[in-house]
Structure formats: C-alpha cells, structure tokens
Amino acid sequence: MISRSEQRFIRINLITIIVTLLVILAGGIVRSTGSGMGCPDWPKCFDRYIPPTDVSQLPADYKEKYVAGRLKKNEKFAKYLDRMGKKELADSIRHDKSITVPEEFNPAKTWTEYINRLAGVLAGIFLLLTAIYSFTYRKSAKRIVVLSLLNIFVVGYQAWLGSIVVSTNLMQWVVTVHMLLALVILAISIYTYSYAKQLHKEPSVIMYRIAWLKGFLFFTLAVSIAQIILGTEVREAIDVIAKSFAARNTWVSKVGDVFSYHRDFAILVVIANGVIYKMVIDRFSGKAAPLLTARFILLTLAIQMLSGFALVYISLPPVAQALHILFSTMLFSLQFYLYLLVYRTKTYKQ
C-alpha cells in the first residue's frame with residue numbers, strides 16, 4: 001500500500017523528470033538558434049535579473065567588460081584544470097582567441113537564453129522538492145534519499161559548468177560534458193521514480209529467461225549514450241562551420257567523418273531497439289509496463305529518425321535540431337526505465 005506521502009514523492013519526481021526534459025528542449029532551442037552567448041555573463045544576464053530589450057540599455061563599453069569577465073573566469077578554470085593534471089586543456093582555454101571576440105547584443109538571442117535559464121531554475125526547484133519529499137523513505141528505502149540529495153549536488157555542479165560554457169564561449173568539450181551531466185541527472189531521477197513505484201510491488205515473474213534481455217538492454221543503453229556523444233560532436237562541428245559563413249545547405253557535407261559515424265550508429269540504434277522490442281513482446285503481454293514502455297521507445301525512435309532526416313535533407317531547420325536533441329534524450333530515458341523494469345523481473349522456475 002502506497003502512502004499519501006509516497007504518492008506525493010512519486011508525483012513530484014515524475015514532474016521533475018518532465019521539467020528536466022523541457023530544460024533539455026530549451027537548451028536545444030538555444031543551440032539551434034545560436035543563442036548560447038545571448039547572455040554573456042552568468043547567472044545574471046547582462047548583469048541584470050531581467051535582461052535588456054535594447055542595446056541603448058547597455059553601457060558603451062559592455063563588450064569589453066564581458067570579455068574581460070570571461071577571461072578572468074577562464075583563468076580560474078584553467079588553474080583548476082592544471083591542478084587536475086589537464087595542462088593541455090588548460091592551455092587550450094588560455095590561448096583560445098574566440099573567447100576574446102565580443103558578442104553583439106541581440107535581444108531575441110538574449111531572451112531565448114534567458115528563458116532557458118529560467119527553465120533551469122524551475123528544474124532546480126523541483127529537484128529540491130524531490131529531495132525534501134524523499135525523506136518519507138528515510139526508513140524504508142534510504143537509497144532514494146541518498147540519490148535525491150546526490151542529484152542536488154550534481155545539479156549544482158551542472159549549474160557551475162553552465163557558467164563555464166558561457167565563459168569559454170561554448171567550448172566544444174565543455175558543451176559535451178554539460179550534455180552528459182544532464183543525462184546523469186535524468187538517470188538518477190528516473191531511478192528514484194522507478195524504485196519508489198516498485199517498492200511495494202512484488203517483482204514480475206515470467207516463464208522465459210530474461211538474462212539476454214537484460215544484457216542486450218544494457219548494450220543498447222551504451223549505444224544510445226555513444227550516439228548522443230557523437231551527435232553533440234556533430235553539433236559542435238556545425239557550430240564551427242556556421243561561423244565560416246558557408247551556405248547553410250553545405251554544412252552537413254562539411255562536417256566530415258564524425259557525421260558518418262553518427263549516421264552509421266543510427267542504424268545500429270534502430271536495429272538494437274527493434275531487437276529489444278521483439279524480445280519484450282516475446283516475454284510480456286497485455287498491459288505489462290515493460291511492453292508499454294517498449295512501444296513508447298519505438299514511437300520515440302520513429303520521431304527521432306524523422307527529425308534526423310529533416311536535419312540532413314532540409315538544411316538543418318532549427319525546429320528539427322531542437323526535437324532531435326529532445327527525442328534522443330527521451331529515447332535514453334525510456335530505455336533506462338525499461339532496463340529498471342526488466343531488471344526486477346524474475347524467471348519462473350518449474
């Protein structure tokens with residue numbers, strides 16, 4: 001029997017997952033519209049809680065001011081990398097000339113980035129609420145409390161890394177790490193949600209062995225993560241090409257081998273998820289949660305493929321870029337949730 005306090009936690013946790021996905025969508029919109037540097041400082045935007053709407057609201061030397069601020073922050077970050085033994089990375093930041101290039105004020109880009117940050121604040125609030133409400137499990141399931149609190153620290157680190165993304169003028173590897181941390185935050189939230197949902201339920205029992213399904217699901221998750229990393233690298237390459245003022249319809253052809261790897265991995269993702277679906281329908285029936293989740297995976301994969309085709313054949317429309325990022329993350333989320341469901345399933349022994 002699930003108590004009211006536990007139901008409240010499960011509900012807040014689910015909302016947190018949804019809001020986190022919306023933050024990723026907002027981040028995709030920022031990337032696809034080139035608004036990543038719409039706010040040249042962090043956490044404020046042009047040193048304001050409500051950003052300006054016209055350049056006349058800014059001081060004449062605003063460009064030099066924010067470049068100097070970025071350089072100061074980057075030097076601190078470079079020293080941090082030095083202490084970690086990452087001297088080459090530190091030097092690449094110190095000598096990156098693009099960081100010294102000032103950004104022109106663009107109100108549309110500024111407000112796009114500002115709304116993205118507001119979405120991040122909203123996600124942070126819900127993560128904090130999830131951590132607070134998790135204490136209802138302090139006796140029955142301490143791991144929910146520990147992981148919910150851990151997620152607060154991960155989000156704090158993610159927020160700090162977001163400031164580094166801005167100060168380094170969207171340095172490529174920093175953006176990739178930023179994306180991977182978003183997956184970590186999602187995975188923790190999905191785990192606590194799934195564990196809370198299943199806490200008072202007996203594990204499902206089926207007559208077919210599922211060790212192969214568990215193993216192949218883990219493999220599929222790894223493939224999806226690798227595909228997301230490759231996709232982030234493709235996006236980073238596109239950003240560089242876009243700055244060269246090349247015609248938009250030539251961007252994809254100029255990306256190089258990383259795009260070929262991303263395309264080929266997409267075929268592997270489709271095959272792997274098709275195999276997963278076949279294995280699930282062979283073992284579950286009716287309205288079993290794993291079967292329903294597998295169907296959502298196929299639907300998400302279909303939309304993901306359509307957005308990918310649009311990116312390649314319709315010259316990277318911004319809407320398709322944002323949807324591609326969102327549905328790749330949703331695919332990972334559903335796969336991880338399915339893995340958690342299947343992991344608890346036991347084989348019937350005659």
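Predicted model: local features only at pLDDT ≥ 70, side-chain atom pairs only at ≥ 80, totals over all residues.
From charges we turn to aromatic rings. A pair of aromatic rings is described by the distance of the centres and the angle of the planes. Across the whole structure, a search finds 16 aromatic pairs. Among them is the pair of Tyr-191 and Tyr-195, which is stacked, with 5.9 Å from centre to centre and 15° between the planes. The angle explains the label, because planes under 30 degrees apart count as stacked. Both tyrosines belong to helix H6 (residues 172-198), and because they are 4 residues apart there, about one helical turn separates them. Tyr-191 is partly exposed, at a relative accessible area of 23%. Tyr-195 is also partly exposed, and its value is 26%.

A further aromatic pair consists of Phe-218 and Tyr-339, and this one is tilted: the centres are 6.3 Å apart and the planes make an angle of 55°. Phe-218 comes from helix H7 (residues 211-242) and Tyr-339 from helix H11 (residues 318-343), so this pair ties together parts that lie 121 residues apart in sequence. How does the cover of each partner come out? Phe-218 has 54% relative accessibility and therefore counts as exposed, whereas Tyr-339, with 17%, counts as buried.

Aromatic residues also occur as a group. Phe-46, Tyr-62, Tyr-66 and Phe-105 make up one aromatic cluster. Phe-46 is buried, since its relative accessible area is 6%, and the limit for buried is under 20%. The backbone of Phe-46 deserves a look as well: its phi is near 55°, a positive value in a residue that is not glycine.

The loop between H1 and H2 also holds Asp-47. Asp-47 likewise has a positive phi, about 60°, although it is not a glycine. Is Asp-47 buried, partly exposed or exposed? With a relative accessible area of 44%, Asp-47 is partly exposed, while Phe-46 is buried at 6%.

Technical notes:
Residues numbered from 1 in each chain as written. Heavy atoms only, no water. Phe/Tyr/Trp six-rings, centres within 6.5 Å; stacked < 30°, edge-to-face > 60°. Helix = DSSP H or I, 4+ residues; strand = E, 2+ residues; numbered from the N terminus. Buried < 20%, exposed > 50% of the residue type's maximum accessible area, 1.4 Å probe, protein only.
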